[in-house]
Amino acid sequence: MTTPHLQIDANQASSRGALTELIQETTALTRRLFVQLKRRPSTLIAGVLQPLIWLILFGALFSKAPEGLLPGGMSYGRFLGAGVIVFTAFSGALNAGLPVMFDREFGFLNRLLVAPLRSRSSIVFASVIYITTLSLVQSLAIMLTAALLGYGWPGAGGLLLVLFTLLLLVFAVTALSLGLAFALPGHIELIAVIFVANLPLLFASTALAPLSFMPVWMGWLAALNPLTFAIEPIRAAYAGPLDLSVVLLDAPYGPVTGQTCLLVLTVLTVGLFLLIRPLLNRKLS
């Protein structure tokens with residue numbers, strides 16, 4: 001007869017074993033994705049070059065903008081920098097579903113599903129870790145370039161705020177992209193969604209222009225755009241001393257503080273993961 005104490009110890013040992021195996025499986029699948037990236041580094045290079053071109057060209061195009069044209073009298077290059085950083089992370093996360101989609105089409109995902117994995121959640125965790133790392137590396141490259149161009153660098157607290165904000169955005173968009181990878185029939189449809197969503201979301205945000213420059217209808221779109229809620233805290237991190245209780249956005253529906261921006265991103269991230277969880281459980285079962 002097993003005593004309760006021994007049963008508890010056995011359960012704890014089983015839980016530790018399951019966690020260890022989950023970590024090992026996730027590490028192996030994540031390493032596979034990075035090996036693919038090493039063999040085809042064009043994904044990383046293109047993910048840095050595109051926003052870098054935007055930063056250099058748009059920064060130069062509006063470099064002679066009149067003083068006082070932008071909030072706080074900042075230069076257009078510094079104003080644009082936050083938008084390009086967020087756009088870089090957003091674009092990278094939006095592509096998160098492509099590796100999973102290609103695994104579906106080439107049959108590798110079916111092999112994983114019949115493999116003796118302790119938890120098939122490791123497939124999702126590996127994709128999240130890979131895309132998060134890739135997006136942060138690309139965003140940091142843009143931040144360093146912006147600093148070299150004279151657009152500034154956030155302090156220690158500001159850098160933590162930038163990274164935290166980017167993580168929230170990347171997690172949310174990665175969840176959406178993974179959901180699309182399992183919901184759509186093929187990679188053509190997924191790429192079409194990416195192309196359709198990418199630039200409109202960028203332009204309908206405060207990445208390139210403040211709300212005061214926009215017509216009323218576009219101001220409403222920008223004030224509801226998740227990218228705006230990521231851009232404004234990052235822009236504030238570059239501006240000076242951090243105070244998330246300060247109003248960062250005079251939206252048509254009312255003032256929006258930095259705390260509100262982070263809260264919206266947090267709710268969006270949790271909501272999207274909860275939304276796609278039933279789909280992932282069904283597809284991975």
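Analyst: About 40 Å³ of space lies in the second largest cavity, in what is a predicted model, where local features need pLDDT of at least 70, side-chain atom pairs count only at pLDDT 80 or more, and totals for chains, interfaces and linings use all residues. Residues are numbered from 1 along each chain as its sequence is written, and side-chain values use heavy atoms, without hydrogens and water.

User: What makes a space a cavity, and which residues line the second largest cavity?

Analyst: On a 1 Å grid over the protein atoms alone, a cavity is a set of points where a 1.4 Å probe fits but cannot get out, whereas a pocket is open, with protein on both sides within 12 Å along at least five of seven lines; an atom within 4 Å of a point makes a residue part of the lining. Trp54, Leu80, Gly83, Val84, Phe87, Leu202, Ala207 and Leu208 line the second largest cavity, and α3 provides the largest share, four residues. Seven of these lining residues are nonpolar, one is polar and none is charged; Gly counts as polar under this scheme.

User: Why is serine 205 called buried?

Analyst: The relative accessible area of serine 205 is 1%, and buried means under 20%, with exposed over 50% and partly exposed in between, so serine 205 is buried. Serine 205 sits in the loop between α8 and α9. A polar atom of its side chain lies 2.6 Å from the backbone oxygen of leucine 202, and the side chain also reaches the backbone nitrogen of alanine 207 at 3.2 Å. Both distances fall inside the 3.5 Å limit for a pair of N or O atoms in a polar contact. Leu202 and Ala207 also belong to the lining of the second largest cavity.

User: How many aromatic pairs are there, and what makes the pair of tryptophan 220 and tyrosine 253 stacked, edge-to-face or tilted?

Analyst: The whole structure holds four aromatic pairs. The rings of tryptophan 220 and tyrosine 253 are 5.9 Å apart centre to centre, with 50° between their planes. Pairing requires centres within 6.5 Å, and planes under 30 degrees apart are stacked, those over 60 edge-to-face and the rest tilted, so this pair is tilted. The pair joins distant parts of the chain, 33 residues apart, with tryptophan 220 in helix α9 (residues 216–224) and tyrosine 253 in the loop between β1 (247–251) and β2 (254–257). Tryptophan 220 is partly exposed at 38%, and tyrosine 253 is also partly exposed at 38%.

User: Where is the largest pocket lined, and how many residues take part?

Analyst: The largest pocket has a lining of 30 residues, with Thr43, Asn95, Leu98, Pro99 and Phe102 nearest its centre. Helices supplying at least two lining residues each include α1 (4–39), α3 (76–94) and α6 (121–148). About 880 Å³ of space lies in this pocket, and its lining divides into 17 nonpolar, ten polar and three charged residues.

Key
Grid points are joined across faces, edges and corners, and a volume is the space filled by probe spheres set on the points. Rings of Phe, Tyr and Trp (its six-membered ring) pair if their centres lie within 6.5 Å; planes under 30 degrees apart count as stacked, over 60 as edge-to-face and the rest as tilted. Buried means under 20% relative accessible area, exposed over 50%, partly exposed in between (1.4 Å probe, protein chains only). A polar contact is a pair of N or O atoms within 3.5 Å; within protein, one must be able to donate a hydrogen and the other to accept it, and residues adjacent in sequence count only if both atoms are side-chain atoms.
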